[in-house]
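Please work through each task before reading its solution.

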Amino acid sequence: MRLTSAIALLALLALAGCPAPRAAPPATPSPRPDAPPAPPDAPPPPPGAPSAPAIAWTRVETAADLPGAPPAAGTWRIHLIDVGTGLAILVEGADFTLLYDAGTNDPDEKPARVLAYLGAALGPSGPAPGGGAAAAADPTCAATGAAAGARRRIDHVVLSHPHLDHASALDEVVHCYQVGTLWDAGRINHAVFYRDLLLTVAATTGTRYRTAAPPPADRTLTVKGVAVTIPPAVPWQSFSEGDEVALGAGARLTILHAEPKGHADPNGNSIVIAVDLGAARLLLTGDAESGPRADPSAPLGDVEQHLVERFAPQLDADILQVGHHGSKTSSRRAFLAAVTPSLALVSAGPRSYKGTRLPDPEVLAALEDVGATVLRTDLRDGACPLVERLGPGKGPGGCDSWLITVGAGAP
Ligand SMILES: [Zn+2]
């Protein structure tokens, strides 16, 4: 496991009389928990010694906290965007962008905070090339600052599964940005937000649509009583577990769970992907579960069991998006033992899930037990002190976003 490698490196450095390469900052609101820079004179590890990937993190409180340019080659950025009760993660390389989910259950997160964040991180983007009058007249894309913007590209957008807290803003993202490929399990949820997403895909040119379910011969899906036909101008292909996709130089994604069947709960359809960024790995799990709410020591089941049985080597990751917002439906100890993350990302907000506010303390304890530092988006939901947070000034989001830097240049 990578944890073992990291411990080995620390032991080597300690023997050499050197300080640890990066002290993990506390995940507390203040003082600002930026990781200190690595010692400039830290010697490289001996030839053949295992090396832990360089990972650092910092808060994003205003647009000024975001870099003004794409990351340098060989480095990557992961943005855990605070969208309130939901999930949105942006991954950036020098040569690609990937957005995993963009949704929230909080009504006060309108206009979509994630659009404001994307506008600040990637640049404003509107419905048509050139921006200008067409962009200015589009109230949706104005949230990105689109009045002065062009139409910008997001190479991959993944809808983990069709629940509102993961998808509420995705139709707006596809409308305002030029999405290269939209990944969707294809499990139909008869809800307005999912229908709106498919209608937007059908009206978009230049986007490829990929589903775990094979495309029907008539290219038509009926959602909430409306037949949506994906025109031939939108290429539509299926995908499967084990598929690998090159993202850019040194980066790729691997599909670890793809399930189109109509489970009673769409959480079981979560697309799980491993994203390799140089020597580091990010594991994105959506709301994948082991089963009913239970103590993390309970046996594996459902998607987590499938992942451990079929993809154990690929699960070994440095950064984990904690499943189902830190619910006890997920993150069984046996699953975490396979992942052994050093950093755990928990996206949660104040709205309850069937009466329970997440994350569950037992899951946070289990993450701590495997040595993970937890970054949370819900630390200041009740009383955000920021006056210039990205997006609306109301709502629980925008106060606890995190920027994680991966690669040789970190931090
Ligand atoms: Zn969810």
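**Exercise 1.** Determine which residue of strand 16 stands opposite L320.

*Solution.* The residue opposite L320 is A344 in strand 16. Strands here are DSSP runs of E with at least two residues, and helices are runs of H or I with at least four, both numbered from the N terminus. Strand 15 (residues 319–321) and strand 16 (residues 343–346) run parallel and are joined by three bridges; two strands count as paired if DSSP finds at least two bridges between them.

The model is predicted: local features need pLDDT of at least 70, side-chain atom pairs count only at pLDDT 80 or more, and totals for chains, interfaces and linings use all residues. Residues are numbered from 1 along each chain as its sequence is written.

**Exercise 2.** Characterise the surroundings of strand 12, including its pairing and its burial.

*Solution.* Strand 12 pairs with strand 11 in the antiparallel sense over four bridges, with R252 as the bridge partner of A246. Six bridges join strand 12 to strand 13, also antiparallel; here A251 has L277 as its bridge partner. Five of the seven residues of strand 12 are buried (20 or more other C-beta atoms within 10 Å of their own, C-beta atoms being placed from the backbone), so strand 12 is largely enclosed by the rest of the structure.

Conventions. A residue is buried if 20 or more other C-beta atoms lie within 10 Å of its own, exposed if 12 or fewer, and partly exposed in between; C-beta atoms are placed from the backbone.
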